[in-house]
Amino acid sequence: MSDTPQTPPGIQGYTPRVFSGIQPSGDLHLGNYLGALKRFADSQNQGIETVYCMVDQHAITVWQDPAELKRSTRELAAGFIAAGIDPDKSILFNQSQVAEHSQLAWVFNCVARMGWMQRMTQWKDKAGKNSQNASLGLLAYPSLMAADILIYHSTHVPVGEDQKQHLELTRDIATKFNNDFGVDFFPITEPVIEGAATRVMSLRDGSKKMSKSDPSAASRINMTDDADTIAKKIRKAKSDADALPSEAKGLEERAEARNLVNIYAALSDMTVDAVLADVGGKQFSEFKPMLADLAVDKLAPISAEMARLMQHQDEIDATLRKGAARARAIAAPILAKTYDIVGMIR
């Protein structure tokens, strides 16, 4: 976030609080770091409470190998910490340790409508023509996501393009709950607009997003790559034969060139125009070593710390338990009040 979010009209009285969750799907890469983890680390010193969650319950909407799910969850936690998220400043935990998420999700399952769920783009994309064989969890995924957010009375959620529809549904569920029970209990959570996100593309094809599913390991920089591997992948990244332009407009029809400049800009906390003011006129034979050095300087310490943490999994687990206890201290009273509103005797 570039600025501390301001509590917007309609949710005064709630503690300003940001929530965000990431699925532990394994193989964190540069796109995950620049698009999420780096932003999270930058935002935690801006005077607003930050809650970050590994959403392992969302992960099992499709079958997961249990041992791999545990490994991926710990690796994601290691990535959060190594990227600069301080577990003393932010609340950091895995979703399944805070039972209130799924308990509130059941209430929301009874508030949300089937038509709302079936309209979700991700449901259509993931279930496809085989929807009768998709898990019920996959259909109800957005209701659990709403519970993830609202169990903390979160006032703000960072959203990318693929999550805007889910946040809109969260707002719909909060509104319907409040209207159904005649209360003003759940906030109508606001999206955090973070400006132009760095869209990190494949190092082998600038028209495709960097992805762990790409069969070519050379297409992505994994956050577990060591310094030599990072440098080698940058130097072998696809580029073109022309010199770099002096302004961003000159990158419009040059997908690979634009991708490498965008990565440099994001890693150096510069604008694209500021980068091109420095490197305009250079050939890629000069620019790639500059980018490789920068990437190694910024990323190698993260991969080294992730590797260290993964050798001390008890340290990761202790951090997640501590974070879960802090999360439950917020969530439990909100769930209790929800049950009171709904009419449940406890």
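Reader: Which residues does F80 touch, not counting residues up to four places away in sequence?
Author: F80 touches I22, L37, F40, Y52, M54, I85 and L92. A contact here means heavy atoms within 4.5 Å.

Reader: Before I go on, what am I looking at, and how are residues numbered?
Author: This is a predicted model, where local features need pLDDT of at least 70, side-chain atom pairs count only at pLDDT 80 or more, and totals for chains, interfaces and linings use all residues. Residues are numbered from 1 along each chain as its sequence is written, and side-chain values use heavy atoms, with hydrogens and water left out.

Reader: Back to the core. Which residues touch the most other members of the largest one?
Author: L30, Y33, F80, L267, F287 and L299 do, in a nonpolar core of 54 residues. Such a core is a set of buried Ala, Val, Leu, Ile, Met, Phe, Trp, Tyr and Cys residues joined through side-chain atoms within 4.5 Å. Buried means under 20% relative accessible area, exposed means over 50%, and partly exposed is in between (1.4 Å probe, protein chains only).

Reader: Which elements give two or more residues to this core?
Author: They are α1 (30–43), β2 (49–54), α3 (66–82), α9 (227–235), α10 (255–268), α11 (272–279), α12 (284–310) and α13 (313–342). Helices (H or I, at least four residues) and strands (E, at least two) are DSSP runs, numbered from the N terminus.

Reader: Which one gives the largest share?
Author: α12, with eleven residues.

Reader: What does the second core include?
Author: That separate core has 46 residues, including V98, V111, F186 and A331.

Reader: Now charges. How many salt bridges does a search of the whole structure find?
Author: It finds 17. The cut-off is a side-chain nitrogen of Lys or Arg within 4 Å of a carboxyl oxygen of Asp or Glu.

Reader: Which residue does K38 pair with in a salt bridge?
Author: D42, at 3.4 Å from N to O. K38 and D42 are four residues apart in helix α1, so about one helical turn separates them.

Reader: Is K38 buried or exposed?
Author: K38 is buried, at 12% relative accessible area. D42 is partly exposed, at 43%.

Reader: What else does K38 touch?
Author: Leaving out residues up to four places away in sequence, K38 touches Y33, A266 and D269. K38, D42 and D269 are also linked in a network of salt bridges.

Reader: Where is D269?
Author: D269 lies in the loop between α10 and α11. Its phi is near 55°, a positive value in a residue other than glycine. D269 is exposed, with a relative accessible area of 57%.

Reader: And H153, where does that lie?
Author: H153 is in the loop between α7 (136–150) and β4 (156–158). Its phi is positive too, near 50°. H153 counts as buried, at 11% relative accessibility.

Reader: Back to salt bridges. What is the N to O distance for K233 and D225?
Author: 2.8 Å for that side-chain pair. Both K233 and D225 are buried.

Reader: What about K208 and D205?
Author: Their side chains meet in a salt bridge at 4.0 Å, N to O. K208 is partly exposed at 49% relative accessibility, and D205 is partly exposed at 23%.

Reader: New topic, helix packing. At what angle do α4 and α13 pack?
Author: About 25°, with the axes of α4 (residues 100–111) and α13 10 Å apart. Axes are lines fitted to C-alpha atoms, for helices over the stretch in contact, and angles run from 0 to 180 degrees between N-to-C directions. The two helices are therefore roughly parallel. Under 35 degrees counts as roughly parallel, over 145 as roughly antiparallel, 65 to 115 as roughly perpendicular and the rest as oblique.

Reader: Which residues meet there?
Author: E100, Q103, L104 and V107 in α4 meet R328, A331, A332, L335, T338, Y339 and V342 in α13.

Reader: How do α4 and α8 pack?
Author: At about 80°, with their axes 10 Å apart; α8 covers residues 164–181. That makes α4 roughly perpendicular to α8. V107, F108 and V111 of α4 make the contact with I173, K176, F177 and D180 of α8.
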